[in-house]
Amino acid sequence: MNFTLNGEYRSIPEDWSDESLLHLLREHFGLVGTKFGCGLGQCGACTVIIDGAPVRSCITEVSSLAGVEVRTIEGLANGDQLHPVQSAWLETSVPQCGYCQAGQIMSAVALLEMNPNPGDHDISAAMDGNLCRCGTYRRIRMAIARAAEAM
Amino acid sequence: MRRRTFLSAVGGGLVAFFGAGAALWSQVPVVPKSPEPDSDTSRGWIRFHDGTFILKLPRIEMGQNIATGLKQIACAELQVGWDDVTVEFHDTRMERVKSTVGSESVSHFAEPLAQACSALRDALREGLRDGVVTVANRPIEELVSFRKGALVGSEPEIVQGREIVRGESLFAADVRIPGMLYGRIHRAPVSLEMSSFPRSWNEAGASAVPGFAGLFPDCNVLLGRSRGIGILATRPGALDRIETELAVEWSTGDRRDDTESSPALDIDRELATGPLPHLAMDGDPLTGDCEVDIRLDLPFAAHAAMEPRAAVCEWRDGQLIVWTGTQDAFYVRDFLAHAHGLETEKVLVKPCRVGGGFGSRTLCTVEAEAAALARHAGRPVKVQWTRAQEFTQGFHRPPSSHRVRGKISDGKISHWDHNQVSSHIIFTSAGFPAWMQGTIDLVTGDPGVARGMKVPYGIDEVRAAYKSVRQPVHTGPWRGLGAGPNCLAVESVIDEAALVAGENPVAFRLKHIGDTRLAAVLERVAGISGFHGAAPEAMSGERTGRGIACGIYKDKSYAAVVAEVSVSAENGLRVTRLWCVHDCGLVINPDQVRAQCEGNLVWSIGLVLLDGLQSANGRVTSIDFLDAPVPSIVDVPPISTELIESDNRPSGAGETVMVAGPGAIANAFRAATGVRPSRFPVQLEDLLR
C-alpha cells in the first residue's frame, strides 16, 4: 500500500498494516515528532494533517491510508526555513515541556489553512481537543494570531 | 494453556518469590540522595573546549526552561555571547546532583554555576587552557550574573525551542535502536498495595498475534506489591492485542492485605479520636466558640503529564544503558544497580527532556520494567506506559480533608487552628513500604503534607496539625506538594474571616501581613485587576464574582492572584479572567517566570474545577481524559501576569502561584454565589443550592 508522506511517495510494509498511523510514523518511518499521549484520540498530541484536515494518528488505522496525503510536524519547515506557525511558536515562547506542541502546531496549521483569519471562537473550536498540561494555552492563542498575521 | 503452581494466597505477609532475580529485591528500598550543590560539584558543569563553552546542565529539563535560564547565567558570568555556550544534558557519569524538584533550580544551582563560570573566565584570562580550575567562592556581589543586565533579565529564544517546533527527537520514547523490541509489564487490575501475580495465561493465543516476540512471566518487577507478566513485541501496536489474548488469570492477596476500599479521609472523624500527631505550627488548640469554621475536602488528583512515562534500555557488555524521562537520573541508576546486583558504574542513565514532570517522574518505574525486559530479551527494549497505566499505576496527589477554625477579636484573627488529614507525599507510598512510613511517622511528619500550612499572616495563636494515613492508592509529590490544597484552605478561611469582620478582603489581609513583599504583590494585583471596582456585569441567569488570594511558597517566593468567575446553569462554572503578580527576587528570564505563573494558574483552574480521580476497591478506576479531565484551551481565560523584580536573591517560580491561584478562584465563586466551595472539584449543584 502506498501513500504520500510529507510530499514523498512511500510504501507501507505488509506487517505494519495492522498498526496505527502514529506507530507507523514513529517506529517505522522514524518521524518521532508526532507523539503518543493517550491512544484514544482525546489529547491531540498525535495530530497530523491528512488531506488538509487535522487527524488523530493514534486512532487512524494504517489500512485506511491508501492514496492519502499525510503531513507531519517534520514536513512543515523548508530546510532551515521554518513554517510561519513554527516561527510564531518560537517568537511567543509557547513550549514548556514541549510534548504536546507538535500536535498543537499541526492543529493550528490546519486551522489557518482553512481559515486564514480565525477569531477567538474559531481558535477555541479548533484547539479544544489539543491538551497541554503545562498550560501554554494563552500563548497558543497569541502564536496563532501572530502566525495568521504573518501568513 | 500454561499453568504453574504457586502459593496463590499471599495474605498475612507471606510473599512468593520465584524466578531469577528474586534475590535482587531487598526489603529496604533505595532512597534518593539529595546532596546540595556546591562549587566542588559545579566544576563539572562548565568547561571550555576548542573555542566553545559546554554547559553540562545539572538539572532535568521538563518545561521549566531551566536550560535557558542557566545558560543565561553561564553566558553572563563568562561574559560571552549566546552562541558561545552549548548546552548538553548531564548523564550519570557526572557527579551526582539532587532530583529536579521543588522550584530549586535557580535558587540552588545558579550561584554554584556562576561561581564555576567566574573561576573559569578568570583562568582563561590568565592564559590557562588545560586542566581543572579551582573554584574559590567569591562574594555574590562580585558575580556579574547576579545583577540585572545583558543576558540577565533578557528573553532569548528558549533552548531546544527550535527542536520542539520542528518535531526533532528529544524525549525518551523518541529513542530508536536497531533490533529494539517494545515491551510492557501487564499487571493485575487490583490495588498496588495488594500482592498480585499472574497465575495462568494463554501463551498459545498470545504467540499467535502478529508481532509477538516473547513473554517474561517471571520478570519480577514490583510496583508496590504488584508483580506482572512481561510482554515483548516487534511492533508497539501488538502489545494491546497480546495482552488481550493472554487472558491472564491473576492470583491476588486476600483481604488481610488491607486493600479494601478504605473509608474516605474525614477530618472530623480523625479529630474525634484525638489530636493529630504532627505540627506545622505549634500554638494552642482552639477550643470553644469561633467565628469561622470551614471544612474542605479534596480527592486524589493525577499529574496527567502529556508524556506517558517511557524508557529505553539496552544491555551492552554487562553494562545497562537507560534513556528515560526522569526527574532524578541518579536515583534511577542507584535503583537499577541495586535491582540487578551491579556496581553503579555499570548503569548509565541518560535523562531525556521530560514531557511534563510535576513531581511524577521522581521514582523508578518504567525504567525498571524496560531494564528487566531488555535483560531477558537480550535486545534493547522500549517501554512507554499507556494512558490507563499512567492513571492506575502511577502515584497521585493525596486526598486531603481539612478543618480550619478561626477566632476574631477586635477586627483581627486572634486564634487559628488548621487540622488536616491526608496521605504521604515526600515519604511517598510508591517508594516507601508501609512499615517504613510507619517508622518515619513515629519520628517526624511528612513535610510535603505540611507545606502551605504555615500561615503567612500575623496571628497571635496559630496551630496547624496534620496526620498522614497510607492509602490503597499510592500517593506522592504533585506540583507544590501540600501547598495547593493547604493554601486553598488558608485563603478560603481568611476570606471568610474578612466577611465576618465586615472588611474588604485586601484591607483585612493587609492588617495581618508584616512581610512587605507579600503586601506588595497583594496590593499590586488588586491594583492591576481593578479589584476595588464593581464586580463584572452579569448577564441574565448568570452570577459573577471576583476573588483574591496571596501567599508565600517555601518562605521565599510571593504571589497574589485575582480571579473573575461566572456561574450559570447554562454555562456552568467558568473562570473568566485572571491576574497574577509574582515576586521571586532577581529574575533571570522574565518571560519564562511569567510562563510558570501561567502554567500554575491553569493548574489552579484544574485544582478547583476538574482534578479528581475515581477509585474503587483501592484502585484508580479513571483510565482516560474523559474520566479524569485536565483544563483545555476553552477553560482558560485571558491572563495578565506582572513580576516584581528586585535584587533579592533569586528564589523560584515553578510552583509559587499554587499558593494563591486556587484560593482566588474559590473566593470568586464564594463572592458570586454566597456559597463557600468546600468539596473539590467544585460542582455547579454545590453552589446553586
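In this predicted model, strands β22 (residues 557–568) and β23 (residues 572–583) of chain B run antiparallel to each other and are joined by 11 bridges. Within this pair, B:A560 of chain B faces B:V581, which belongs to β23(B). The two strands are part of an open sheet of 4 strands in chain B, ordered β21-β22-β23-β26, in which the pairing is mixed. The edge positions are held by β21 (542–553) and β26 (639–643) of chain B; each has a single partner strand, so one side of each lacks a neighbour in the sheet. From one strand to the next, the twist averages 15°. Helix α17 (residues 661–673) of chain B is laid across β21, β22 and β23 of chain B, and its direction makes an angle of about 150° with β21(B).

**A covered strand in chain B**

Strand β10 (residues 229–233) of chain B is mostly covered, with 5 of its 5 residues buried. Both of its faces are covered: B:I229, B:I231 and B:A233 are buried on one side, and B:G230 and B:L232 are buried on the other. In the sheet, β10(B) pairs with strand β5 (residues 181–186) of chain B in the antiparallel sense over 5 bridges. Strand β7 (residues 212–216) of chain B also pairs with β10(B) in the antiparallel sense, here over 4 bridges. B:L232 takes part in both pairings: this residue of β10(B) is the bridge partner of B:G183 and is likewise the bridge partner of B:G214.

**Domains of chain B**

The domain assignment divides chain B into domain 1 (39–168), domain 2 (174–255 + 309–384) and domain 3 (267–300 + 397–687). Between domain 1 and domain 3 of chain B, the C-alpha centres are 34 Å apart. These two domains are in contact through 17 residues of domain 1 of chain B and 16 residues of domain 3 of chain B. On the domain 1 side of this contact, α2 (66–78) and α3 (105–125) of chain B each supply at least two residues. The largest share of that side, 4 residues, is provided by α2(B). By class, the residues of domain 1 of chain B that form this side comprise 6 nonpolar, 8 polar and 3 charged.

**The two chains**

Chain B contains 18 helices and 26 strands. Its radius of gyration is 26 Å, close to the 26 Å that the globule rule gives for 689 residues, so chain B is as compact as a globular protein of that length. Chain A has 5 helices and 5 strands, and along the sequence these follow the pattern β-β-α-β-β-β-α-α-α-α. For its 151 residues, a compact globule would have a radius of gyration near 15 Å, and the 15 Å of chain A agrees with this. The table sets out further values for each chain.

| Property | Chain and value |
|---|---|
| Span of the C-alpha trace along its principal axes | Chain B: about 75 × 70 × 50 Å |
| Span of the C-alpha trace along its principal axes | Chain A: about 45 × 30 × 25 Å |
| Buried residues | Chain B: 57% of the 689 residues |
| Buried residues | Chain A: 57% of the 151 residues |

Contacts can also be described by their separation along the sequence. Of the contacts in chain B with a separation of 6 or more, 80% are between residues 24 or more positions apart. In chain A, residues 24 or more positions apart make up 63% of the contacts with a separation of 6 or more.

**Contact between chains A and B**

The contact between the chains draws 48 residues from chain A and 50 residues from chain B. On the chain A side, the elements giving two or more residues are α1 (21–28), α2 (84–91), α3 (101–114), α4 (120–127) and α5 (137–150) of chain A. The side of chain A that touches chain B is made up, by class, of 24 nonpolar, 16 polar and 8 charged residues.

Methods:
Residues numbered from 1 in each chain as written. Chains lettered and ligands numbered in written order. Predicted model: local features only at pLDDT ≥ 70, side-chain atom pairs only at ≥ 80, totals over all residues. Buried ≥ 20, exposed ≤ 12 C-beta atoms within 10 Å, placed from the backbone. Pairing = 2+ DSSP bridges. Axes fitted to C-alpha atoms, helices over the stretch in contact; angles between N-to-C directions. Contact = placed C-beta atoms within 7 Å. Domains from an automatic or database assignment. Nonpolar A, V, L, I, M, F, W, Y, C, P; charged D, E, K, R; others polar. Rg over C-alpha atoms; globule rule 2.2 N^0.38 Å.
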